[in-house]
Amino acid sequence: MKNLSRNRAWRKKGFYNTTSLLSIFLLIFIFIFVYVSYTYHFPTSLLPISTTSQCATQNLDGQKFIWYAPHSGFSNQLSEFKNAILMAAILNRTLVVPPILDHHAVALGSCPKFRVLGPAEIRLSVWDHVIDLLRKRRYVSMADIIDISSLVSSSVIQTIDFRDFISLWCGVKVDFDCFSESNGQSSLLDSLKQCGSRLSGLDGNVDKCIYALEDDCRTTVWTYQQNDDGVLDSFQPDEQLKKKKKISYVRKRRDVYKALGPGSKAELAAVLAFGSLFTAPYKGSELYLDFHEAPRDQRISSLIQKIEFLPFVSLITSAGKEYALETIKGPFLCAQLRLLDGQFKNHWKATFLALKNQVDSLKDGPLPISIFVMTDLPEADWAGSYLENLARDSVSIKLHVLKEKDELVIRTAKKLMETGHGTRLGLVPESVDRMNKVKQECPPQILPDILLYIEETVCSCASLGFVGTAGSTIAETIELMRRFRICPSRSQSAL
């Protein structure tokens with residue numbers, strides 16, 4: 001009996017040992033099967049994007065890049081683009097040329113009030129908006145609108161289109177010109193979101209890979225060769241603001257070349273990521289960048305002068321001139337009236353008064369007076385305003401208004417997309433081949449909104465003068481264009 005009991009116990013023990021081994025082997029087999037299936041059968045865009053792959057020399061080809069987070073309206077974005085060109089030239093980095101963002105899709109905040117989005121936050125907001133523009137096929141590069149061909153061809157700066165940079169940095173092989181929200185590429189979107197998070201600096205800096213700055217207008221004023229590195233800036237938060245907002249910011253002037261150039265930790269990184277690059281004069285200083293001169297660098301000093309005025313591409317300039325010469329057909333006054341946005345809503349009286357004074361002064365001359373009007377106030381809402389008075393005075397006044405659906409605007413937008421200036425500039429030569437593919441295989445791109453750019457060009461040709469809205473960056477741009485006289489001299493003979 002004892003032997004029988006021992007035999008049964010041994011068999012029972014052996015049974016459990018065998019079962020345990022089978023369970024272990026089964027678990028190993030399941031793990032291997034899932035791993036192999038995941039690796040070889042799932043879309044590669046679902047797999048995590050490794051930091052190593054983003055900075056691999058075969059992807060980036062040893063290049064060092066600079067990218068930033070544009071925001072607000074087009075005029076502000078253009079101002080930042082000019083600053084980015086200077087930054088790229090000073091630090092000898094390739095500039096990632098961004099698209100034009102929707103008006104106020106991304107907002108910085110207020111530097112004078114020390115209330116702004118942090119650099120990482122605004123970088124991520126811009127990244128998300130850029131991907132949204134790609135998905136909705138509304139992507140338009142800044143280089144599609146602004147002509148920087150002379151800067152690139154003369155090797156003053158090196159550039160790369162944002163779409164090409166995404167392909168290199170994120171390690172994704174996708175034709176962004178055919179990319180749309182109807183393609184069902186949710187896995188790719190997940191990968192791009194992860195990539196954007198890293199590029200925005202949310203995961204911190206990575207040696208020799210990415211250096212994401214956390215400096216912004218609350219703490220820093222970037223300078224170059226001003227002999228003031230580390231000096232306190234003249235504009236600081238006042239004591240009342242410190243107490244009210246409970247802030248402790250101290251603004252210092254820092255030489256960008258010393259802080260981020262050769263010998264710095266930032267210089268080793270493949271990608272240098274800024275937040276906003278917007279600046280403006282304020283209380284005797286600058287809000288964020290003070291690059292008015294480069295006393296010991298003739299190359300940068302010359303570039304500062306060159307980028308003071310960056311023209312629109314020839315298609316836009318030609319369209320504006322065509323409207324002025326063939327539609328208005330004679331001397332005219334331009335009125336830029338910004339009435340609905342922000343602070344301008346409360347200044348209708350002053351804006352219209354300036355226009356009325358100019359019109360009254362012209363009534364002593366030949367009639368009717370041709371006036372080109374560019375305004376954000378729809379014609380249906382002109383009732384009760386000075387614009388309604390002008391529209392009714394058909395004897396003395398002839399109004400001209402350009403609209404988004406006008407044939408000239410649509411024709412120019414189509415040509416602009418066919419030409420693809422932005423994709424023909426930069427480091428990746430396949431961009432040109434990609435444009436040919438777009439024409440042949442991809443669904444049509446949604447036409448860009450270029451009305452503002454043509455309107456600004458028309459206003460720059462106004463020979464009877466220009467009345468702009470005080471404080472408007474659009475008015476400042478037009479004044480600059482008029483100063484550089486982009487129209488034939490005979491178009492502005494009365495100036």
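This is a predicted model: local features need pLDDT of at least 70, side-chain atom pairs count only at pLDDT 80 or more; totals for chains, interfaces and linings use all residues.
Is Trp-127 buried or exposed? Its relative accessible area is 1%, so Trp-127 counts as buried, the cut-off being under 20%. The residue sits in helix 5, which covers residues 119-135.

Now show what surrounds Trp-127. Leaving aside neighbours within four places in sequence, its contacts are Phe-162, Ile-166, Cys-170, Leu-192, Lys-193, Cys-195, Gly-196 and Leu-199. Pick out Cys-195 from that list. Along the sequence, Trp-127 and Cys-195 are 68 residues apart. In space, their C-alpha atoms are 9.6 Å apart.

**Next stop: helices 8 and 9**

Select residues 162-170 for helix 8 and residues 186-199 for helix 9. At what angle do helix 8 and helix 9 pack? The angle is about 90 degrees, and the axes are 11 Å apart. The two helices are therefore roughly perpendicular to each other. Now display the side chains where they meet. Helix 8 brings Phe-165, Ile-166, Trp-169 and Cys-170. Helix 9 brings Leu-192, Cys-195 and Leu-199. The residues of this contact divide into 7 nonpolar, no polar and no charged. Trp-127 touches some of these residues too, among them Ile-166, Cys-170 and Leu-192.

Switch to a cartoon view. Look for an open sheet of 5 strands, in the order 5-2-1-10-6, with parallel pairing. Which strands form the edges? They are strand 5 (159-161) and strand 6 (210-212), and each pairs on one side only. From one strand to the next, the twist averages 25 degrees.

Select strand 1 (residues 65-67) and strand 10 (residues 271-273). They pair in the parallel sense over 3 bridges. Find Trp-67: its bridge partner in strand 10 is Ala-273. Strands of a sheet pair through backbone hydrogen bonds.

Go to Ala-266, in the loop between helix 11 (256-260) and strand 10. Ala-266 is buried, with a relative accessible area of 2%. Not counting residues up to four places away in sequence, Ala-266 touches Arg-93, Tyr-211, Leu-260 and Leu-272.

Move to Thr-279, in the loop between strand 10 and strand 11 (281-282). Thr-279 is buried as well, with a relative accessible area of 13%. Which backbone nitrogen does the side chain of Thr-279 reach at 3.0 Å? It is that of Tyr-288. The backbone nitrogen of Leu-287 lies 3.4 Å from a polar atom of the Thr-279 side chain. Beyond its neighbours within four places in sequence, Thr-279 is in contact with Asn-83, Glu-286, Leu-287, Tyr-288 and Leu-289.

**Last stop: strand 14**

Select residues 333-337. How many of the residues of strand 14 are buried? The count is 5 of its 5 residues. In a regular strand, side chains alternate between the two faces of the sheet. Check both faces here. Leu-333, Ala-335 and Leu-337 are buried on one side. Cys-334 and Gln-336 are buried on the other.

Zoom in on Gln-336: it stands opposite Met-374 in strand 15.

Conventions. Residues are numbered from 1 along each chain as its sequence is written. Side-chain values use heavy atoms; hydrogens and water are left out. Two strands pair if DSSP finds at least two bridges between them. Helices (H or I, at least four residues) and strands (E, at least two) are DSSP runs, numbered from the N terminus. Axes are lines fitted to C-alpha atoms, for helices over the stretch in contact, and angles run from 0 to 180 degrees between N-to-C directions. Angles under 35 degrees count as roughly parallel, over 145 as roughly antiparallel, 65 to 115 as roughly perpendicular and the rest as oblique. Contact means heavy atoms within 4.5 Å. Ala, Val, Leu, Ile, Met, Phe, Trp, Tyr, Cys and Pro count as nonpolar, Asp, Glu, Lys and Arg as charged, and the others, Gly among them, as polar. Buried means under 20% relative accessible area, exposed over 50%, partly exposed in between (1.4 Å probe, protein chains only). A polar contact is a pair of N or O atoms within 3.5 Å; within protein, one must be able to donate a hydrogen and the other to accept it, and residues adjacent in sequence count only if both atoms are side-chain atoms.
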